[in-house]
Amino acid sequence: MKQDWKPDVAKTREFRADIRTELGKAGSPGNFLLTKNNTSPRAKMRFYMAGKARNMTPSLWSYLPQNAIFKQGQFASCSVVGSSGILRGSRCGKKIDQSQFVSRFNLAAVWGYETDVGSQTNFTTLNPSFVANKLNGLKTQTNCSHFGNILKQFKDSKLWLPMFGASVYFSTLKRTMVTATEFQSVQPVLGHPDHFLSVSKLWRKTIGNNRLWPTTGLYLVLSLVDVCDRINVFGFWPYSTTINGSDVPYHYHNDVTGKKNLHSFDTEFKTLVNLYEKGIINMHFGACL
């Protein structure tokens with residue numbers, strides 16, 4: 001891997017053009033989210049992972065933003081911040097916050113970790129299993145209050161919900177959307193299933209595997225290639241040790257272990273490293289000096 005990374009404008013331009021062609025309209029930045037402009041109040045919505053299609057309802061439609069939040073060339077620089085324990089002690093916070101747009105995943109804690117992961121957040125994803133397992137599906141007022149306190153760390157950011165990923169989580173995510181709206185710290189937004197499917201098909205075609213889904217991390221990086229002039233990636237490290245052999249926890253903010261049945265973390269990492277070596281994205285693998 002390169003030690004002194006430099007952007008390659010020509011290769012980046014070529015890669016963006018290829019991505020636009022492969023993803024088509026369904027995978028364009030304007031289709032990243034469900035909006036009032038690209039979805040009708042009673043549209044038939046399909047779940048991209050599992051579940052019977054169901055109709056959009058006027059009440060759910062009312063929560064959608066009017067317009068897309070992303071467009072081509074929107075940001076000069078973006079930081080995509082993964083949750084790997086490689087960030088512990090990295091002191092990358094200042095460099096992360098220098099970007100115009102900062103995205104995070106699954107409400108990974110910021111408070112108490114600012115020196116390593118920064119404090120700015122413009123966008124964060126949320127896995128429904130987090131709500132179901134860690135917040136009891138928001139079934140009680142105590143659960144909701146806990147959720148509201150977590151959201152304070154991400155004030156004024158967008159909260160991405162995969163509402164049409166798997167139907168089994170639909171009710172949980174709808175409750176999440178309503179509850180988050182009531183707390184007014186973040187703006188819940190719903191991922192467009194056609195967009196996720198478009199990126200997933202490209203990923204599967206690239207690796208020759210029709211069963212694996214891309215992680216939300218890879219999905220977001222590929223989605224932002226056409227939105228950000230410069231993408232800086234932090235906290236993406238799928239291995240349990242560093243190059244020097246030091247232990248690396250799965251997350252910087254807790255002690256959970258990862259599941260690899262749906263994803264190929266190693267393959268994804270090598271894909272991102274390939275983009276790094278071509279000068280298309282800048283990956284930060286260790287301490288930020």
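Is strand 3 (residues 75–81) mostly covered or uncovered, and how many of its seven residues are buried? Strand 3 is mostly covered, with six of the seven buried (buried: under 20% relative accessible area; exposed: over 50%; partly exposed: in between; 1.4 Å probe, protein chains only). The model is predicted, local features need pLDDT of at least 70, side-chain atom pairs count only at pLDDT 80 or more, and totals for chains, interfaces and linings use all residues. Residues are numbered from 1 along each chain as its sequence is written, and side-chain values use heavy atoms, with hydrogens and water left out.

**View A. Strand 3 and its partners.** Helices (H or I, at least four residues) and strands (E, at least two) are DSSP runs, numbered from the N terminus. Two strands pair if DSSP finds at least two bridges between them. Strand 3 runs parallel to strand 8 (residues 228–234), joined by six bridges, and Val-81 stands opposite Phe-234 of strand 8. Strand 3 is also parallel to strand 4 (residues 101–104), with three bridges; here Cys-78 stands opposite Phe-101.

**View B. Aromatic pairs.** Rings of Phe, Tyr and Trp (its six-membered ring) pair if their centres lie within 6.5 Å; planes under 30 degrees apart count as stacked, over 60 as edge-to-face and the rest as tilted. The structure holds 22 aromatic pairs. In one, the ring centres of Phe-196 and Tyr-219 are 4.5 Å apart and the planes stand at 50°, so the pair is tilted. Phe-196 is in helix 8 and Tyr-219 in helix 9, 23 residues apart, and both are buried. In another, Trp-237 and Phe-269 have ring centres 5.3 Å apart and planes at 80°, so this pair is edge-to-face. Trp-237 lies in the loop between strand 8 and helix 10, and Phe-269 in helix 10. Trp-237 counts as buried at 11% relative accessibility, as does Phe-269 at 8%.

**View C. Charges over rings.** A charge sits over a ring if NZ of Lys or CZ of Arg is within 6 Å of the ring centre and within 35 degrees of the ring normal. Lys-36 lies over the face of Trp-61, 5.3 Å from the ring centre. The charged end of Arg-204 sits over the ring of Trp-213, 4.2 Å from its centre. Trp-213 also belongs to an aromatic cluster whose members include Phe-101, Phe-196 and Tyr-219.

**View D. Leu-289.** Leu-289 is in the segment after strand 9 (282–284). Leu-289 counts as exposed, at 99% relative accessibility. The C-alpha atoms of Leu-289 and Val-117 are separated by 14 Å, and the two residues are 172 residues apart along the chain.
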